[in-house]
Amino acid sequence: MFNILSMLRKNSAESDPLESEKTITRWINDLPAGNVLNAHEQVLQKVAEFNAQTAPYSKERLAVLLSLDEYARALQTSLSQQYLRNPRMSRVMESRLWHAVYKFYWEVARGYHGFIMSYVSNPAGNPLQTSLPMLTLRAVHNLGNVFKWHYFRYEKPADKLWLRLHNLYRVAEFEGFSKTELTLYPASSETTRCLDQYTRILLLGQLDTSALYPKQIEMADQWLNQWSHLIEQDSQFNPDTHTLYVAQSDDVGARRIRNTEFSESCRFMATARLHEKIQQTRSALQNGKSPALLGLGEDCRLPDCFEILDYAERQWGPLDKREQRKSPRTSAKKIIDVVHGFNEICAVVKQGKNGADVLHEVDAELKYDEMIDMKLYGFVTESTRTRNRHSSTAPSENAPPHERWVMEDMSEHGLGASVPADSNDWVRLGSMVALKIERDAEWKIGVMRRLLHAEDGLLLVGMEVLSNAPQMLLLRPQATHVLQGYSVSTMDTTDATLPVPVIFITLTDDGQGELLLEAAQYTSGRSFQSGTGAKKNMIRLRDVIEKGDGWMRVAVDIAKDENPT
């Protein structure tokens, strides 16, 4: 008797979790608590196994898919937040998180798509008919997230994804529920429509996501989830109101209206109400309302929020309001030398052309390791002096290692290049680089403005040139208070602060300019001193013009020091 009961329990324990809603619920309850990624990976595996089955698309099987999808919602949210809040995570961790979240959205959308196609192939008396609106809504929503996660990695979604999206929405149109208000998931009290989710994806694709950070893409997506209901789609074109259109028979997203020849599959969108909403939101922000209360999300920070709002309005507006390229690009195949890392950039700019003649560099005779000794001990050690006396390495031999890229095109203000994606994981939007074009004697300073992963394993990089003639200086921070000190070897120990490397990119005759420095060195109003003896200048940091990946572009005032110390 005991053996029979044991066998029954064993057979019960080994039953397929995908067999029914009851078995999958029991399996979910046994998932490990406290390890989100591990639990998520197990659920993802089960959804993939579900899609691999060849069993009929029944209501019983649908209940299993619904249970897996709804349980994983919290896991998806947690992993997505982890991905977005850690932009500098290791490549291995980034890849693991991205694939986990992306694959789940894809497998869930694929699962719902199978049920929908099962109904389409045999609609008469199909028991799935009552569930079809909810299935289509979730399929469109999750497929939209597939698009978004491609954008996070600066990838262009495959053409077949657009066709699948269009076909799903056409089902909603044909069955007459495209504008039916539905609750997307039980945990949410808000309703949405297939039309809203479809529009959300089309408008997100209108943004130049190659120039946006993942956090900015996510922010725009949150806005569209709230605002996409402001846009209706019409089958007849009205030149006075319509701005965008989508051809549902084509493998592309929405496009701006440039001509008046359209096929029957075209749907037309007017964005006037969306523009009005953006303007109202901007006005409320200017009047002191917080972004969170306006539904803009907790990550929306002023004044950056204004810039994203303005950018989105231009991208979703008529063609004449869209942001235009500053200058045309021309094809130009050349080799360029590239150096990254702030200190490395300073080194090549210094060695290539020292532009310190205008401001006079601080204490040229004082070596960097001597300055460290002063910081640590208050004097320069004999070992450091001996090492420096015997050091005769030429500056060119100390040049930082550089990479060689292939330049594809160039314009008056920048250039485009292609590099292998796998071997350049440091490449990010906002990264600063030093550039030297083939046979060009001078280094330029550039910033990465656009990224796009090509299908051939290359990463296409668009860079804006900030300066064609940068000037590197070491500036001494001005002390806020002076302490009595002593001199060692003619050097005052009260002035033993380490110099701060900066790169001047503009300098005017009226004592103003712009410089680049590491973000950790910036404080508004902070003053520095440059030069030696009677030829000293005071440099005061003003407003931040731009924040990059670990660096800042800052406006400065430059004045002659009337009381040099």
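**Cavities**

By cavity I mean, on a 1 Å grid over the protein atoms alone, a set of points where a 1.4 Å probe fits but cannot get out. Grid points are joined across faces, edges and corners, and a volume is the space filled by probe spheres set on the points.

This is a predicted model: local features need pLDDT of at least 70, side-chain atom pairs count only at pLDDT 80 or more, and totals for chains, interfaces and linings use all residues. Residues are numbered from 1 along each chain as its sequence is written, and side-chain values use heavy atoms, with hydrogens and water left out.

I turned to the second largest cavity, which holds about 30 Å³ of space. Its lining consists of D69, A72, R73, Q76, F104, Y105, N142 and Y185; a lining residue has an atom within 4 Å of a point. Helix 4 and helix 5 (91-121) are the elements giving two or more residues to this lining. Helices here are DSSP runs of H or I, at least four residues, and strands are runs of E, at least two, numbered from the N terminus. Helix 4 gives the largest share, four residues. I sorted the lining by type: four nonpolar, two polar and two charged. Ala, Val, Leu, Ile, Met, Phe, Trp, Tyr, Cys and Pro count as nonpolar, Asp, Glu, Lys and Arg as charged, and the others, Gly among them, as polar.

**S67**

I stayed with helix 4 (residues 59-85), where S67 is found. S67 has a relative accessible area of 14%, so it is buried. Buried means under 20% relative accessible area, exposed over 50%, and partly exposed in between, with a 1.4 Å probe and protein chains only. Beyond its neighbours within four places in sequence, S67 contacts E21, I24 and I28. Contact means heavy atoms within 4.5 Å.

**Cysteines**

I found one disulfide in the structure, meaning a pair of cysteine sulfur atoms within 2.5 Å. C300 and C305 form it, with their sulfur atoms 2.0 Å apart. Both residues, C300 and C305, are buried. What is the handedness of the disulfide of C300 and C305? The torsion about their S-S bond is about 120 degrees, so the disulfide is right-handed. I also checked C194, which is buried at 1% relative accessibility. C266 is buried too, at 3%.

**D422**

I ended in the loop between strand 9 (414-420) and strand 10 (432-437), where D422 lies. Is D422 buried or exposed? Its relative accessibility is 66%, so D422 counts as exposed. D422 and G457 are 35 residues apart along the chain, and their C-alpha atoms are separated by 7.6 Å.

Technical notes
1 Å grid on protein atoms, 1.4 Å probe; cavity = no way out; pocket = protein on both sides within 12 Å on 5 of 7 lines; lining within 4 Å.
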